Amino acid sequence: MALGISLVHLTKTFWKDRQTSFKAVDDVHLDVMPGELVTLLGPSGCGKTTILRMIAGFERPTEGRVLIGGQDITDAAVNARGIGFIFQNYALFPHMNVFDNVAYGLKVKHTPPGETGRKVAEVLELVGLKGAERRFPSQLSGGEQQRVALARVFAINPNVLLMDEPLANLDAKLRIYMLAEIRSLQKRLGATCIFVTHDQKEALTIADRIVVLNKGRIEQAGTPFDLYANPASFFVADFIGQANIFRGRIEVIREGGLEVSFYGRSLSVRGNPGARFRGGDAVALAIRPEALVLGETEGALLAGQVLSRVFVGDKMEYVIEVEPGFLVNVFEPFSRDSQLFPVGSRVGISADQRDVIPLPV
Ligand SMILES: Nc1ncnc2c1ncn2[C@@H]1O[C@H](COP(=O)(O)OP(=O)(O)O)[C@@H](O)[C@H]1O
Ligand SMILES: [Mg+2]
């Protein structure tokens, strides 16, 4: 049965030496719904692993509680929590064959051999490795080893599945395949899952909901689409997708939108549900590279010179220099009929005002 996970004002303080402490995890408050797959996304060192270790019981919170299915398990023993944990280096036992690797957790729990055999067969079928029971890890590809690691965890029927960058050691193609695989297995088994990654593409691909972390704190949580369309901060706008950031000032606040000054002109832009503004405030204006359009300089938002142009298959990536040191990325979809702008030429840059995202400075 799927159980929800609640992190209640979770904090972890580490001491660098006797005098200096720092909060690796700082007041993290989060409810994960039963059966939900949430990714914790953030740069290296932002506290992702420490959060997972506190949920699993390898680390004691300095403050706050961990609840699973409404039960406070903050002080429970590791093996009493019903949690399956997959680390980055999923370390199968090299001297054990696939069957014994997968059966390991069941044997530890003194499961009768008949039941163990049935369960191992069931999960190996689930991960597509039926018939591989007698093979050893060294005889398996990276992807197969990863699937054995998944089977080993699924065999113990975890209510909660914690994964810490489980695909970091796989090549790009296999990673995409395994992401789809993990998501479908997780949904079929109905286990509640927290999946840690520093890779925004992984997070966007696999998550029901993404929690963006920065320096131990939650920056923003939302569906992949929410975070992409309505980032609440520069950090999120830049971490999920790419963003050009422009400077502006708020002239007027209206219902549903803002009037901003933008390089000597007035623009009406939409509001931002995740942010608060006051008239006269400086504001950062984020525009996605794919929301910008190149063309005539006449009537354009900005003008500049094409500094570089790179064809990446489905689109042309331009860098436009508006002023020395003020560079703007523009992605234009590419087809046979696309107008191309040569390096060195002068171009106008425009955007639909609905694609201008105001952010607090
Ligand atoms: N046992 C520990 N003692 C001291 N500092 C730690 C310990 N574990 C992690 N840290 C520090 O806490 C911060 C967060 O680490 P971690 O949770 O591993 O980040 P992430 O998984 O997001 O890369 C880092 O600065 C790391 O160096
Ligand atoms: Mg980590």
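Start with the two domains: colour residues 5–229 as domain 1 and 242–360 as domain 2, with bounds that come from an automatic or database domain assignment. Their centres, taken over C-alpha atoms, are 39 Å apart.

This is a predicted model, in which local features need pLDDT of at least 70 and side-chain atom pairs count only at pLDDT 80 or more, while totals for chains, interfaces and linings use all residues. Residues are numbered from 1 along each chain as its sequence is written, and chains are lettered from A and ligands numbered from 1 in the order in which they are written.

Next, select ligand 1. Which residues surround ligand 1? Look for Phe14, Ala24, Gly42, Ser44, Gly45, Cys46, Gly47, Lys48, Thr49 and Thr50, where near means a C-beta atom, placed from the backbone, within 6 Å. Helix α1 (residues 48–56) gives the largest share of this shell, three residues; helices are DSSP runs of H or I, at least four residues, and strands are runs of E, at least two, numbered from the N terminus.

Now click on Ile194. Leaving out residues up to four places away in sequence, Ile194 touches Ile5, Val32, Val38, Leu40, Leu52 and Leu162; contact means C-beta atoms, placed from the backbone, within 7 Å.

Asp27, in strand β2 (residues 21–32), has a positive phi of about 55° although it is not a glycine. Tyr263 is not a glycine either, yet has a positive phi of about 45°. You will find Tyr263 in the loop between β12 (257–262) and β13 (265–270).

Terms used. Two residues are in contact if their C-beta atoms, placed from the backbone, lie within 7 Å.
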